[in-house]
Amino acid sequence: MGKTNGLEHRMASKTIKLVDVSGNPVAGKEVSLNQTNHKFLFGSGIFDVVDVANKSVPADKLAFLEEKLEKFLDVFNFGTLPFYWGRFEPEKGKPQTKELKAAAQWLKERNVAVKGHPLCWHTVTAPWLLDMSNEEILKTQFARIEREVSDFKGLVDMWDVLNEVVIMPIFDKYDNGITRISKDLGRVGIVKEMFAKARESNPGATLLLNDFNTSINYEILIDGCLHAGVPIDAIGIQSHQHQGYWGREKLEEVLDRFSHFGLPIHFTENTLTSGHIMPPDIEDLNDYQIPEWPSTPEFEERQAKEVEEMYSILFKHPQVEAITNWSFSDDGAWLGAPAGFIRKDNTPKPAYEVLKKLIKDDWHTNVTSKTDDNGNLSFEGFLGDYDLVCGDKKVSFQLDQEAEETVQIVV
């Protein structure tokens, strides 16, 4: 396949030399090269895995969730699991480690990369922190990071270390332990402390700072953290668009501002609804509570167009490495919004089909070719994992821009 316009950074060329067991070139042999996974992370929040992996729901519900996850696995290679402290450890000393490990294992066995969300956040945090002094809260938060990051090493090697730090010290909706300690430490201070603990617990992990605030305040925070030596691996940007699609102009403007740090960018929580748009005067999205928010055919078409444009813009940008749609399904979606790629009954929306075509067709490599007289075969494809099939032999390899040009494969 030829290079797709503007996507050269997502691709690489490789020459493969086929030899037999004696080291002689295998000439004139037909070979298929099939991409089995993308290097780019196409993801979704997929909390239902916890119930499926632990079989913790009745049989009929389990079958429904398994059907939902089949649709997820057909398209995505990346999943976010819930580590909200207040739910993960509702009672002090009784974390749901076993349940979440089963979920992470389930995803890993199916070739899905996993991210844990989040390690430190003032919302849905453990209510029992309020019984402690600030010094004890800090010590307990450190212990929590050390425990989770160590326990899940090898299963979850990517974390949203802190969530929504811009608002954290001034959050005033209700008292909580994390806002208390963030007031003491300051924004840069708390980020530095939490990242240091996470890095110490898993030196090889990918650690993100994540925020919904895309204003200059987030840029100032990132700048302050980098100057303080905080080892941020990727910038997390939330893009909940319940109040309407950002559009190309805003998307490119946000990318432009956050790319100057030279760090990878992850769109961590994306929402585009297939229903009506939330009124613009709502300041905190959580304040919009309505009995029903239906998905309609007209708005599903709009959602599909927006998904196609947004993903195309992000995939084209060299610093974007991951996109996570926050709600895979309308069933159980945040705020009851029709924000999923599939409907409440598990049927796929047009957005699902559009995205599947992009990932599995337009941005996918599947070629058949013949080796030359020297047993060589050159091809160009999207970065990721491949199977080379030659007769009844199958060999797996990776296509990476850093890899050597020629790889020798024995068939």
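Leaving aside its neighbours within four places in sequence, with which residues is Phe267 in contact? The model is a predicted one, and the points below should be read with that in mind.

1. Phe267. Once neighbours within four places in sequence are set aside, the contacts of Phe267 are Ile237, Ser239, Trp246, Leu251, Leu255, Met310, Leu314, Ala322, Ile323 and Thr324.

2. Nonpolar cores. Phe267 is also one of the residues that touch the most other members of the largest nonpolar core, together with Leu162, Val191, Met194, Leu209 and Leu388. This core has 111 residues. Helix α10, residues 297-316, gives the most to it, namely 7 residues. Another core, of 8 residues, lies apart from it and includes Met278, Tyr288, Leu335 and Ala337.

3. Annotated span. An unreviewed UniProt entry lists residues 59-358 as "domain: GH10". In the model this span is 43% helix and 14% strand.

4. Four-stranded sheet. An open sheet of 4 strands runs in the order β11-β2-β13-β14, with antiparallel pairing. Its edges are β11 (366-370) and β14 (393-399); each has a single partner strand, so one side of each has no neighbour in the sheet. On average, neighbouring strands here are turned by 25 degrees against each other, direction ignored. Within the sheet, β2 (residues 30-38) and β13 (residues 384-390) are joined by 6 bridges and run antiparallel. Opposite Ser32 stands Val389 in β13.

5. Three-stranded sheet. A further open sheet has 3 strands in the order β12-β1-β15, and its pairing is mixed. The edge strands are β12 (376-382) and β15 (406-410), each with a single partner strand, so one side of each is left without a neighbour in the sheet. From one strand to the next the twist averages 35 degrees. Strand β1 (residues 11-19) pairs with β12 over 7 bridges in the antiparallel sense. Ala12 has Gly381 in β12 as its bridge partner.

6. Thr140. This residue sits in helix α5, residues 134-151. Is Thr140 buried or exposed? Its relative accessible area is 17%, and the cut-off for buried is under 20%, so Thr140 counts as buried. The side chain of Thr140 reaches the backbone oxygen of Glu136 at 2.6 Å. Leaving aside neighbours within four places in sequence, Thr140 is in contact with Trp85, Trp128, Leu129 and Met132.

Technical notes. Residues numbered from 1 in each chain as written. Predicted model: local features only at pLDDT ≥ 70, side-chain atom pairs only at ≥ 80, totals over all residues. Heavy atoms only, no water. Core = buried A, V, L, I, M, F, W, Y, C linked by side-chain atoms within 4.5 Å. Buried < 20%, exposed > 50% of the residue type's maximum accessible area, 1.4 Å probe, protein only. Helix = DSSP H or I, 4+ residues; strand = E, 2+ residues; numbered from the N terminus. Contact = heavy atoms within 4.5 Å. UniProt positions renumbered as here; feature names shortened; annotations may be inferred. Pairing = 2+ DSSP bridges. Axes fitted to C-alpha atoms, helices over the stretch in contact; angles between N-to-C directions. Polar contact = N/O pair within 3.5 Å; in protein donor to acceptor, adjacent residues only side chain to side chain.
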